[in-house]
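Please look over the sequence and the model before reading the points below.

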Amino acid sequence: MLLIVGITILYIIGFVFRWNYSLWWYDLLLHFLGGMWVAIAARKFLIGPLGRITSAQPIFLVTLMLVALVALVGVTWEIYEFTIDELFFEERARWRAQEGNTDTMTDLIMDLLGGSVVSGYVAYRLYRTHYEI
């Protein structure tokens, strides 16, 4: 919950001060954190609270499902941005969410990196739980 509030505050601040456009890394940070948040939320639905992290599914499958859900949400977000731009903004408008293919691909990569960090941590915790390291 705290992560999504933080992401929302960072997004609003970035929008107000136009940091998404003036700081090359700002949008990447938001996508990385967003990927982490999606993976954390998905983990809660797939496995349960972190305090009792266990799973009947193979560790690889759980990790793959988390990353796949992050990818699905990331692609859906990029489709949303594209649709908003096409419906409401001219092609060379100043406020377009999509700056081109490079922007879209780096956004998706950062989503996946953020989700992979969480997925790796979940896999580590599951491995420790199953093999009592």
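Does V122 count as buried or exposed? At 2% relative accessibility, V122 counts as buried, where buried means under 20% relative accessible area, exposed over 50% and partly exposed in between, with a 1.4 Å probe and protein chains only. The model is predicted: local features need pLDDT of at least 70, side-chain atom pairs count only at pLDDT 80 or more, and totals for chains, interfaces and linings use all residues. Residues are numbered from 1 along each chain as its sequence is written, and side-chain values use heavy atoms, with hydrogens and water left out.

**Overall architecture**

- The protein chain has 5 helices and 0 strands; helices (H or I, at least four residues) and strands (E, at least two) are DSSP runs numbered from the N terminus.
- From the N terminus on, the order of elements is α-α-α-α-α.
- Of the 133 residues in the protein chain, 32% count as buried.
- The accessible surface of the protein chain comes to about 8800 Å², with 71% belonging to carbon and sulfur atoms; accessible areas come from the Shrake-Rupley method with a 1.4 Å probe, and for residues only the protein chains shown count as cover.
- Among contacts (heavy atoms within 4.5 Å) with a separation of 6 or more, 67% are between residues 24 or more positions apart.

**The largest pocket**

- The largest pocket has a volume of about 1000 Å³. A pocket is an open set of points on a 1 Å grid over the protein atoms alone, where a 1.4 Å probe fits, with protein on both sides within 12 Å along at least five of seven lines; lining residues have an atom within 4 Å of a point. Grid points are joined across faces, edges and corners, and a volume is the space filled by probe spheres set on the points.
- Its lining consists of 37 residues, of which Y11, D27, H31, W77 and E81 lie nearest the centre of the pocket.
- Two or more lining residues come from each of α1 (2-17), α2 (19-22), α3 (26-46), α4 (59-88) and α5 (101-131).
- By class, the lining has 19 nonpolar, 9 polar and 9 charged residues; Ala, Val, Leu, Ile, Met, Phe, Trp, Tyr, Cys and Pro count as nonpolar, Asp, Glu, Lys and Arg as charged, and the others, Gly among them, as polar.

**H31 in helix α3**

- H31 belongs to helix α3 and counts as buried because its relative accessibility is 8%.
- The side chains of H31 and D107 are joined by a polar contact of 3.3 Å, that is, a pair of N or O atoms within 3.5 Å; within protein, one must be able to donate a hydrogen and the other to accept it, and residues adjacent in sequence count only if both atoms are side-chain atoms.
- Beyond its neighbours within four places in sequence, H31 is in contact with W77, E78, D107, M110 and D111.
- The C-alpha atoms of H31 and M110 are 5.5 Å apart, although the two residues are 79 residues apart in sequence.

- V122 is found in helix α5, and its C-alpha atom is separated by 7.3 Å from that of T63, 59 residues away along the chain.
- S119 also lies in helix α5 and counts as buried at 1% relative accessibility.
- Leaving aside neighbours within four places in sequence, S119 is in contact with T63, L66 and V67.
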